[in-house]
Amino acid sequence: MRIDALDLYLIKMSMVGEFVTSFGAVQEREIVLVRAHAGGASGWGESGVDGVPLYSYEDAATCWHIIEDFLAPVILAHDWPSGGLGPAMADLFSSWRWHPMARAAVEEALWDLEANLQGVSVRQLYAGERESRERIPVGISLGIQDDFDLLAAQISEALDQGYQRIKLKIEPGKDIGVIEKVRHQFGEIPLMVDGNCGYTREQGPILKGLDPFNLLMIEQPLAQDDIPGHADLQAEMKTPICLDESIHSLRHARLALDYDACRLINIKASRVGGRTEGIAIHDLCADRGVPVWCGGMLESGIGRLHNIAMASLPNFQMPGDLSASRRYWHEDIIDPEVTVESDGHFEVPDTVGLGHRVREDAIQRLVVRSTSLTRE
Ligand code: OSB
Ligand code: MG
């Protein structure tokens, strides 16, 4: 089978509110979308990149370049099997180095294409032989907020909306004091923090100072390339460490678990080069008795639906960063939008493909660059 075309879109979506982390503030996202066509069907994927290389070294321009100049020519020339497009792509590029977010976007489009060709759900393809759940618990990630009253209002609103755990972004100087106040005001709500690599090893005492607050976990406090530092810290803390930025592959996940550098892993397909690798990390963690959860990259509805489908796999044991469309967007590019039920769950679609319609009209209004790549 041949892939007939890959369409690329760069869209700009302005966010409902600014999102602040230890690495910077985001108010508008630059999102690269991919649509793959074959056999009269198509499929959509989204990369986790943004306009500026803050969370990752990739940005929208490198993502576009890698797909257009390197991935697409190989994909369009390849003779594909009639099933398993996602894993086949992972295999095809297994000796190529990095650029996970560029690969993940194309790989997602191939998974959705395949689901549409076969008339099954993306959820069913991601689950394969595994059980998958119809409903998944949902958590929310709240950015750094200088005004505590505003943060408290956001927490109250999230709890009212049913979100089953609250993640707060922290950075040096905006950590222990904030968490102390949150515990004082909200009691034992399911609470965790994310440092986004903002702390040095020397700031370990601050991180250890979070131990008395009974947090579900502390996510990625130290630098992304400091797995041993996280291992030393974990040995001295009772709060479980969860790695995000440090895990770019199955091998990183194995290394981190072997070193006891974390007790949990946040899986983002965009960070690990695609759903095939993400699911392999899910399976490794399941074998080792380590729970995982699904992270987010402020995705539009397309990436969000792929995340929700993947998070239906059995070892996604904790609520993910999978909030409703309206948490980030005035208007999402899918119809219907993703909504959270009052008991803090999402229904995982099990109809063909992603299960929601992609709004091409909305994409056309938001697009700043597009191209359609076809065989020579
Ligand atoms: O570290 O998980 C993170 C957003 C952008 C970049 C990194 C992260 C995040 C979030 C929000 O925490 C996740 C989401 O709701 O999409
Ligand atoms: Mg994180």
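This is a predicted model: local features need pLDDT of at least 70, side-chain atom pairs count only at pLDDT 80 or more; totals for chains, interfaces and linings use all residues.
Residues are numbered from 1 along each chain as its sequence is written, and side-chain values use heavy atoms, with hydrogens and water left out.

Me: What kind of aromatic pair do phenylalanine 93 and tryptophan 96 form?
Reply: Rings of Phe, Tyr and Trp (its six-membered ring) pair if their centres lie within 6.5 Å; planes under 30 degrees apart are stacked, over 60 edge-to-face, and the rest tilted. Here the centres are 4.8 Å apart and the planes sit at 85°. So the pair is edge-to-face.

Me: Is phenylalanine 93 buried or exposed?
Reply: Buried means under 20% relative accessible area, exposed over 50%, and partly exposed in between (1.4 Å probe, protein chains only). Phenylalanine 93 has a relative accessible area of 1%, so this residue is buried.

Me: And where does tryptophan 96 fall, by relative accessible area?
Reply: Go by the cut-offs just given. With a relative accessible area of 33%, tryptophan 96 is partly exposed.

Me: Which residue lies over the face of tryptophan 293?
Reply: A charge counts as over a ring if NZ of Lys or CZ of Arg is within 6 Å of the ring centre and within 35 degrees of the ring normal. At 4.9 Å from the ring centre of tryptophan 293, the residue is arginine 165.

How values were computed:
Chains are lettered from A and ligands numbered from 1 in the order in which they are written.
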